[in-house]
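Here is a short briefing to read alongside the model. Please keep the 3D view open as you go through the points.

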Amino acid sequence: MFAGAGICTTLAGCLSDSDDETNGTEPEATDGTGETTGGDTNQQSDEIPNNYRQWLTSQANIFTYVEGPSLEIEEWEQDQAEIFDVSLTNTTGRINLRWDQGQPTNIYLGDFDRQDATQHAENAVESNNDLHQEPFRYDDFTIIYDEINDRHKAIGDEAFLRGNRRGIEHVIDTYNGSEQRIEEIESDYRLLFEEFDWSGDLIGIGPELVEGPLTVRGQTRTNDVVDDINGPELFGCFVFDEQDNATEENVEEILSEDTPRNIRIDGRMVTFYTPT
């Protein structure tokens, strides 16, 4: 059996926002100054569109992305943004990045006013400074520490972030181009982003967990219901290192306990359905 079989074969856990789960490699520590170490600040890649893909670091081993049309904001999520007095109801998408250690990093994409949000946070700290520490600047973002929830939160004009400081600063560096994005490490992820027919919810396994003959693996939810027991199916995607390895037999062996159906092979890319 190929190594890595059974990693994230169902949506349970991968789409959860629980802070107790750890599923990746924690990013390296930054110096805390916000200074970039490679590339220019805010210099976007000519090949990567300026959307959720700009935030996907190569160091997170499990990432999820939910687009706005299927994004539901829960009350506890909105409460986390209260310190900045911003609303998450009009966000265009949410990214969840998971590391091997520490809290996951949640990113809410949208149109915010960092200056106004920072002023609100400073006023809140001044009037009740036992709940939050003084906010500080990191690149084009304002970060504040929530002592009650033991979380760092950050606001920029493009996103609201929540997690630990190391993860947040690493993700900001990734967005600004001073840390490598996942498709800069492995260009086959562009097949997942551009060719894979995902419908609002995308789960991807990062390079460190993709083993055997695969270079990429991902999946999305579907509206197709297998039966009353299994519920909706998953639509999966494998990208193999060589076209000769892109076979039904290899797909079945990698999935191990799941039984794929409607396997379609297109060069090195293979798509299929499995029950949840």
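Asp113 sits in the loop that runs between strand E3 (105-109) and helix H2 (114-127). In this predicted model, Asp113 is partly exposed, with a relative accessible area of 39%. The notes below start with its surroundings and then turn to salt bridges and strands.

**Surface charge**
- Asp113 belongs to a negative surface patch, together with Asp111, Asp116, Asp157 and Glu158.

**Salt bridges**
- The whole structure holds 10 salt bridges.
- One of them joins the side chains of Arg53 and Glu183 at 2.7 Å, N to O. This pair connects distant parts of the chain, 130 residues apart: Arg53 is in the segment before strand E1 (62-67), and Glu183 is in helix H4 (residues 182-185).
- Arg53 is buried at 5% relative accessible area, and Glu183 is buried at 1%.
- Arg53 and Glu183 are also part of a salt-bridge network with Arg190 and Glu194.
- Glu77 and Arg94 form another salt bridge through their side chains (2.9 Å, N to O). Glu77 lies in helix H1 (residues 75-80) and Arg94 in strand E2 (residues 93-98), 17 residues apart.
- Glu77 is buried, with a relative accessible area of 2%; Arg94 is buried too, at 11%.
- Asp140 and Arg137 pair up with their closest N and O atoms 3.7 Å apart. Asp140 is partly exposed at 28%, and Arg137 is partly exposed at 48%.

**Strands**
- Lys153, in strand E6 (residues 151-155), is buried because its relative accessibility is 2%, under the 20% cut-off.
- Strands E11 (residues 261-266) and E12 (residues 269-275) run antiparallel and are joined by 4 bridges; Ile265 has Val270 in E12 as its bridge partner.
- E11 and E12 make a hairpin with 2 residues between them, and Gly267 in the turn has a positive phi of about 65°.

Key
Residues numbered from 1 in each chain as written. Predicted model: local features only at pLDDT ≥ 70, side-chain atom pairs only at ≥ 80, totals over all residues. Heavy atoms only, no water. Pairing = 2+ DSSP bridges. Patch = residues over 30% accessible without salt bridge, like charges linked within 9 Å, V, L, I, M, F, W, Y side chains within 5 Å. Areas by Shrake-Rupley, 256 points an atom, 1.4 Å probe, with all protein chains shown as cover. Salt bridge = Lys/Arg side-chain N within 4 Å of Asp/Glu carboxyl O. Lys, Arg positive; Asp, Glu negative; His and termini not counted. Charge placed at Lys NZ, Arg CZ, Asp CG, Glu CD. Buried < 20%, exposed > 50% of the residue type's maximum accessible area, 1.4 Å probe, protein only.
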